[in-house]
Amino acid sequence: MSAKNSSKNDIEILQEKLQSIKGREGIIGYILRGPNSASIDLKDPTKIIDYAILSATAFEAGQDMSAMFEIGEVESIITEGENTKILSRVVNEHRLSIFMEKNVDHNRLCKDLNLT
């Protein structure tokens, strides 16, 4: 199996796992963006643009800080607000942002998605 096919299968498996966690209490939704496509599932679809901008900004800020402080590749970014937070990670060249209420355990979420 080629690396491209393996990567595609990994992303398909990740999408299945995301589908299983999206109904959990406290999960607002997710954006999984690849080089050629995106998968978006949010409880409030009227806020897709807002969440997409927030996701892109979190990734950009993480990359900027990583370069500025020379800390190496960033594994994950947790952005917390008053009531919500975002887990942002790169998985096989795909950018994953999971939006959740602040009380959701993002470390548990990573383990459940095998992102640790």
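**Notebook: a hairpin and a helix**

I started with the strands and found a hairpin that joins S3 to S4 through three residues. I kept in mind that this is a predicted model. S3 covers residues 76-80 and S4 covers residues 84-91, and the two pair in the antiparallel sense over five bridges. I then looked up one of the partners: Ser-76 is bridged to Arg-89 in S4.

Next I turned to helix H2, which runs over residues 48-69.

Then I asked which residues of H2 are buried. My list reads Tyr-51, Ser-55, Ala-58, Phe-59, Gly-62 and Ser-66. They sit on the same side of H2, because they cover an arc of only 90° around the axis. A handy reminder for myself: an α-helix has 3.6 residues a turn, so residues three or four places apart point the same way.

I checked the other side of H2 too, and there Ile-49, Ile-53, Ala-67 and Met-68 are exposed. Buried or exposed, and by what relative accessible area? Ile-49 has 64%, and exposed means over 50%, so Ile-49 counts as exposed.

Last, I looked at the surface. Ile-49 belongs to a nonpolar patch there, along with Ile-40, Ile-48 and Ile-53. Together these residues have about 360 Å² of accessible area. Where does the largest share of the patch come from? I found that helix H2 supplies it, with three residues.

Conventions. Residues are numbered from 1 along each chain as its sequence is written. This is a predicted model: local features need pLDDT of at least 70, side-chain atom pairs count only at pLDDT 80 or more; totals for chains, interfaces and linings use all residues. Side-chain values use heavy atoms; hydrogens and water are left out. Patches are made of residues with over 30% relative accessible area and no salt bridge: like charges are joined within 9 Å, nonpolar side chains (Val, Leu, Ile, Met, Phe, Trp, Tyr) within 5 Å. Accessible areas come from the Shrake-Rupley method with a 1.4 Å probe; for residues, only the protein chains shown count as cover. A salt bridge is a side-chain nitrogen of Lys or Arg within 4 Å of a carboxyl oxygen of Asp or Glu. Helices (H or I, at least four residues) and strands (E, at least two) are DSSP runs, numbered from the N terminus. Buried means under 20% relative accessible area, exposed over 50%, partly exposed in between (1.4 Å probe, protein chains only). Two strands pair if DSSP finds at least two bridges between them. The arc is that of the directions from the helix axis to the C-beta atoms.
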